[in-house]
Amino acid sequence: MYSPVSLHRMDNWGRDLDGLNAKYTGAFMIEYNRYIKPRLKLGVNIVYDHEKVSGTKTDGYINPHPPYEWITTKIKQTNKEGWFFFGPQVGYEYIQKENFRLGSLVGLSMVLISTEDIVDSLTGQESDNIINKKDTKINLFFHAEVINFTWGKNYGLTGQVGFGHKGLVSLGGFVKW
């Protein structure tokens, strides 16, 4: 499945990025589900989401030492963040027809968050203004699908509306074997 309205995009809605431009890949998902009862299924999912915020910022400050002139600084900033989710999920189907299923689902996931922050001075000032930092963190997150569907018997269309690491809206294909 794919979600163009992913967690990163929802996180930045209404946020001032201070003149920087954000690019989102959206969330790409693969999941496997197995029915343990006719309407109850257990599964695992893997989700990858990526965001890149970059641009040039101009700022200024007053020199605290004589001659107290206004100093203008220009920096190029790039922040990248990738999220890799992996975890179990459980779902229940309310409607089960031969070619259509409708249900809900909840899941918990471990998330690996990799970040890279790069700040370069464009005004040729001292080199300690340059930042290049990479970091990886581990955390827990969730997903709740208010409604999900599959349309088709052995292969077809699948989708969900919910909140969490799968995004707000996802759409994709499925294959049963």
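The side chains of Tyr-35 and Glu-93 are joined by a polar contact of 2.6 Å. A polar contact is a pair of N or O atoms within 3.5 Å; within protein, one must be able to donate a hydrogen and the other to accept it, and residues adjacent in sequence count only if both atoms are side-chain atoms.

This is a predicted model: local features need pLDDT of at least 70, side-chain atom pairs count only at pLDDT 80 or more, and totals for chains, interfaces and linings use all residues. Residues are numbered from 1 along each chain as its sequence is written, and side-chain values use heavy atoms, leaving out hydrogens and water.

| Residue | Partner | Distance |
|---|---|---|
| Tyr-35 | Glu-93 | 2.6 Å |
| Tyr-35 | Arg-101 | 3.3 Å |
| Lys-166 | Glu-31 | 2.6 Å |

Tyr-35 sits in strand S3 (residues 27-35). Strands (E, at least two residues) are DSSP runs, numbered from the N terminus. Tyr-35 has 33% relative accessibility, so it counts as partly exposed. Buried means under 20% relative accessible area, exposed over 50%, and partly exposed in between (1.4 Å probe, protein chains only).

Lys-166 lies in the loop between strand S8 (155-164) and strand S9 (169-175). Its relative accessible area is 0%, so Lys-166 is buried. Beyond four places in sequence, Lys-166 touches residues (heavy atoms within 4.5 Å) including Ser-3, Met-29 and His-143.

Now the strand pairing. Two strands pair if DSSP finds at least two bridges between them. Strands S4 (residues 40-62) and S5 (residues 70-96) run antiparallel, joined by 23 bridges. S5 also pairs with strand S6 (residues 100-121) in the antiparallel sense, over 19 bridges. A hairpin of three residues joins S5 to S6.

How values were computed: Helices (H or I, at least four residues) and strands (E, at least two) are DSSP runs, numbered from the N terminus.
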